[in-house]
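Hi there,

Here is the model I said I would pass on to you. Could you open it and keep it beside this message while you read?

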Amino acid sequence: MAAYIWGTPVDIEIRTEAEEARRQYEVKLEKDRKESLAVYLDGESIVGQATVRLRDGKKLAHDGIKVEFIGSIELFYDRGSHYEFLSLSQELAAPGEMRQAQTYDFHFKNVEKQFESYQGINVKLRYFIRVTISRRLADVVKEKDLWVHSYRMPPDSNNSIKMEVGIEDCLHIEFEYNKSKYHLKDVIVGKIYFLLVRIKIKHMELSIIRRETTGSVPNQYNESETITKFEIMDGAPVRGETIPIRLFLGGFDLTPTFRDVNKKFSVRYYLNLVLIDEENRRYFKQQEITVFRIPEN
């Protein structure tokens with residue numbers, strides 16, 4: 001992408017070391033477009049090159065060239081505000097005059113990336129490399145995004161979930177899930193027991209809901225989206241019946257659970273069990289689960 005500043009066309013290209021060989025993460029852009037970004041881990045170095053090319057043989061006077069590695073949180077409802085939680089900087093060139101293309105190496109060693117990248121409904125957490133050519137009239141800036149994954153294992157305890165739901169003298173069910181914490185490729189295994197059924201249930205469905213919370217009270221925004229929904233029973237159950245549940249998480253677009261990231265946002269997941277009777281009344285019970293990332297083979 002060329003940056004045209006006061007008639008001086010300049011190309012800045014940013015490349016990271018062996019980026020094509022890295023695992024890629026596909027990010028959705030506007031108008032159904034997608035972009036593949038190289039995946040980095042917490043503690044990995046950011047190594048690469050920035051190439052500045054002049055067009056039309058013109059020279060470029062500048063007040064210095066620098067490269068930065070930045071982590072920031074953007075809240076979409078607060079568009080003017082970007083909150084930087086990470087900012088590293090290196091000087092690539094002292095003030096001077098450029099007469100031909102130049103390539104500069106940069107190396108940010110063992111960078112702590114304490115949060116995962118995230119792109120949600122109301123918030124975006126991004127990491128990017130920014131090259132700035134300082135000029136008296138207007139700077140020339142180019143940015144390149146990376147995607148960061150982080151392996152944060154949950155506490156050792158991982159108890160099963162057992163809950164009861166019911167309407168007095170009409171309906172009483174117990175449901176059980178094998179764990180309360182699941183990795184991104186895990187399988188949710190569970191059972192539903194019907195202890196009392198005196199209403200005519202038409203069908204039952206289970207869904208995974210992602211709830212994104214941004215900001216803080218009183219300016220707090222909650223957005224929920226259904227990641228998947230499927231029917232686990234069709235027809236009226238009888239007392240004593242057991243319905244098995246087996247839900248493979250690997251096929252869904254999940255992130256880990258994020259809690260109060262930099263005091264700006266949280267992302268939580270819930271299993272939502274819904275029963276619908278013949279009069280289309282809905283009875284539901286929601287249970288939070290924890291989702292975490294483990295290293296991939």
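**What I found**

Let's begin with Arg259, which counts as partly exposed at 42% relative accessibility (buried is under 20% relative accessible area, exposed is over 50%, and partly exposed lies in between, with a 1.4 Å probe and protein chains only). Please remember that this is a predicted model: local features need pLDDT of at least 70 and side-chain atom pairs count only at pLDDT 80 or more, while totals for chains, interfaces and linings use all residues. Residues are numbered from 1 along each chain as its sequence is written, and side-chain values use heavy atoms, with hydrogens and water left out.

**Salt bridges**

What does Arg259 pair with? Its partner is Glu288, and the closest N and O atoms of this salt bridge are 3.1 Å apart (the rule asks for a side-chain nitrogen of Lys or Arg within 4 Å of a carboxyl oxygen of Asp or Glu). The two ends come from distant parts of the chain, 29 residues apart: Arg259 sits in strand E21 (residues 258-261) and Glu288 in strand E23 (residues 282-292). Strands are DSSP runs of E with at least two residues, numbered from the N terminus. Glu288 is partly exposed too, at 26% relative accessibility.

Salt bridges that share partners also tie Lys66, Glu68, Glu74, Glu84, Arg126, Arg130, Glu143 and Asp145 into one network. In the whole structure, the search finds 21 salt bridges.

One of them joins the side chains of Arg55 and Asp11, at 3.0 Å from N to O. This pair spans 44 residues, from Asp11 in strand E2 (residues 8-16) to Arg55 in the loop between strand E5 (46-54) and strand E6 (60-62). Are these two residues buried or partly exposed? Asp11 is buried, at 17% relative accessible area, whereas Arg55 is partly exposed, at 31%.

Another salt bridge brings together Glu97 and Lys59, at 3.7 Å from N to O. Here the partners are 38 residues apart, with Glu97 in strand E9 (residues 96-98) and Lys59 in the loop between E5 and E6. Glu97 is partly exposed at 41%, and Lys59 is partly exposed at 47%.

The protein is divided into domain 1 (10-149) and domain 2 (161-292), with bounds that come from an automatic or database domain assignment. Their centres, taken over C-alpha atoms, are 40 Å apart. Domain 1 gives 14 residues to the contact and domain 2 gives 17 residues, where contact means heavy atoms within 4.5 Å.

How much area is buried between them? It is about 1400 Å², with 69% coming from carbon and sulfur atoms (this is the accessible area, with a 1.4 Å probe, that two parts lose on being put together, summed over both). On the side of domain 1, Tyr77, Tyr118 and Ile121 lose the most area to domain 2, together 42% of what that side buries.

Between the domains the count is zero salt bridges.

**Two buried residues**

Ser117 lies in the loop between strand E10 (102-108) and strand E11 (118-119), and it is buried at 4% relative accessibility. Its side chain reaches the backbone nitrogen of Val148 at 2.8 Å. Leaving aside neighbours within four places in sequence, Ser117 is in contact with Leu125, Tyr127, Leu146, Trp147 and Val148.

Ala38, in strand E4 (residues 34-41), is also buried, at 7%. With neighbours within four places in sequence again left out, Ala38 is in contact with Glu19, Arg22, Arg23, Gln24, Leu146 and Trp147. From C-alpha to C-alpha, Ala38 is 8.4 Å from Asp145 in space, although 107 residues separate them in sequence.

**Two backbone angles**

Most residues other than glycine have a negative phi. Asn110, in the loop between E10 and E11, has a positive phi near 45°. Asp260 is not a glycine either, and its phi is positive at about 55°. You will find Asp260 in strand E21, partly exposed at 47%.

Happy exploring, and do write back with any questions!

Conventions: Helices (H or I, at least four residues) and strands (E, at least two) are DSSP runs, numbered from the N terminus. A polar contact is a pair of N or O atoms within 3.5 Å; within protein, one must be able to donate a hydrogen and the other to accept it, and residues adjacent in sequence count only if both atoms are side-chain atoms.
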